[in-house]
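This report goes through one protein model part by part. Please look at the sequence and the 3D view before reading on.

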Amino acid sequence: MRVLLIEDHRPLARALRQGLEEEGFAVDVAYDGEEGDFKARAAEYDAVILDLMLPKIDGLTLLQNWRRDGLGMHVLVLTARGAIDDKVRGLNLGADDYLTKPFELEELLARLRALIRRGHQAKDPVLRVHDLEIDTAARTVKRGGKAVHLTPREYALLEFLAYHRGKVVTRTMVWEHLYDEEDENTSNVVDVYIRYLRNKIDKGFATPLIMTRWGEGYMLRGDE
């Protein structure tokens with residue numbers, strides 16, 4: 001899933017980016033409100049992590065403008081400890097959640113995953129497709145009760161397909177959600193990872209779950 005991090009404290013931004021990327025997120029970073037506003041409007045993000053104390057344009061103003069202009073991405077607000085007024089204002093202006101500094105990375109990850117599940121109307125952290133189980137909290141995968149070991153990029157692709165199960169996703173859609181702005185790969189790498197996934201998810205099973213729609217894209221078999 002692709003995340004925009006808007007944080008002007010560069011050491012914190014670097015640490016958060018590294019932690020998020022290690023968990024399989026594609027991360028773009030902006031260091032002030034003006035840059036953050038441009039990036040938020042230029043790409044489609046699954047979530048935005050928004051610090052409120054930003055140079056050029058503050059976080060609350062950004063949030064208010066986004067919601068006024070119809071931008072619907074999930075926003076997790078970062079606030080200073082004890083700033084109750086900022087929390088309340090942020091939620092009233094359209095924030096989906098907030099986290100108080102200092103915080104643990106594990107809590108940030110858990111809140112991000114919950115927001116992404118909410119966006120796909122999935123309350124249960126375990127996604128089930130036929131005999132495939134994807135635990136989005138533990139980031140583990142089983143098929144037919146047996147563990148399937150995936151790389152972070154393979155897992156991210158499978159999770160994306162699972163959230164859209166029964167629907168065709170194009171290479172462009174996959175690319176925009178799984179790769180950040182600094183990635184130098186081309187969209188053809190999506191086909192490579194689909195092949196990797198098929199070897200791990202479908203090989204040896206009678207019912208293939210990862211389908212190709214020629215000229216359109218890929219699809220994880222739905223429940224029907």
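In which sense do β7 and strand β8 pair, and over how many bridges? The two strands pair in the antiparallel sense, over four bridges.

## Basis of the report

This is a predicted model, in which local features need pLDDT of at least 70 and side-chain atom pairs count only at pLDDT 80 or more, while totals for chains, interfaces and linings use all residues. Residues are numbered from 1 along each chain as its sequence is written, and side-chain values use heavy atoms, with hydrogens and water left out.

Helices (H or I, at least four residues) and strands (E, at least two) are DSSP runs, numbered from the N terminus. Two strands pair if DSSP finds at least two bridges between them. Strand β7 covers residues 132-135 and β8 covers residues 140-143. Ile134 has Val141 as its bridge partner in β8. The hairpin of β7 and β8 has four residues between the strands, and Arg139 in the turn has a positive phi of about 60°.

β6 and β7 also run antiparallel, joined by four bridges. Glu133 in β7 is the bridge partner of Arg128. Two residues lie between the strands of this hairpin, where His130 takes a positive phi near 55°. In a regular strand the side chains alternate between the two faces of the sheet. In β7, Leu132 and Ile134 make up the covered face, and Glu133 and Asp135 the uncovered one.

Leu127 belongs to strand β6 (residues 126-129). Buried means under 20% relative accessible area, exposed over 50%, and partly exposed in between (1.4 Å probe, protein chains only). Leu127 has a relative accessible area of 3%, so Leu127 is buried.

## Salt bridges

A salt bridge is a side-chain nitrogen of Lys or Arg within 4 Å of a carboxyl oxygen of Asp or Glu. The structure holds 19 of them. One joins Lys101 and Glu7 (3.0 Å, N to O). This pair links distant parts of the chain, 94 residues apart: Lys101 is in the loop between β5 and α5, and Glu7 in the loop between β1 and α1. Glu7 is buried at 0% relative accessible area, whereas Lys101 is partly exposed at 22%.

Another salt bridge joins Asp131 and Arg143 (2.9 Å, N to O). Asp131 lies in the loop between β6 and β7 and Arg143 in strand β8, so the pair ties together parts that are twelve residues apart in sequence. Arg143 is buried, with 2% relative accessibility, and Asp131 is partly exposed, with 33%.

## Cavity and pocket

Rolling a probe the size of a water molecule over the atoms shows where empty space is left. On a 1 Å grid over the protein atoms alone, a cavity is a set of points where a 1.4 Å probe fits but cannot get out; a pocket is an open set with protein on both sides within 12 Å along at least five of seven lines; lining residues have an atom within 4 Å of a point. Grid points are joined across faces, edges and corners, and a volume is the space filled by probe spheres set on the points.

The search finds one cavity of 30 Å³ or more. The largest cavity holds about 90 Å³ of space. Its lining includes Met1, Phe25, Arg139 and Tyr163. Helix α6 gives the largest share of this lining, four residues.

The largest pocket has a volume of about 150 Å³. Among the residues that line the largest pocket are Glu44, Met73, His120 and His177.
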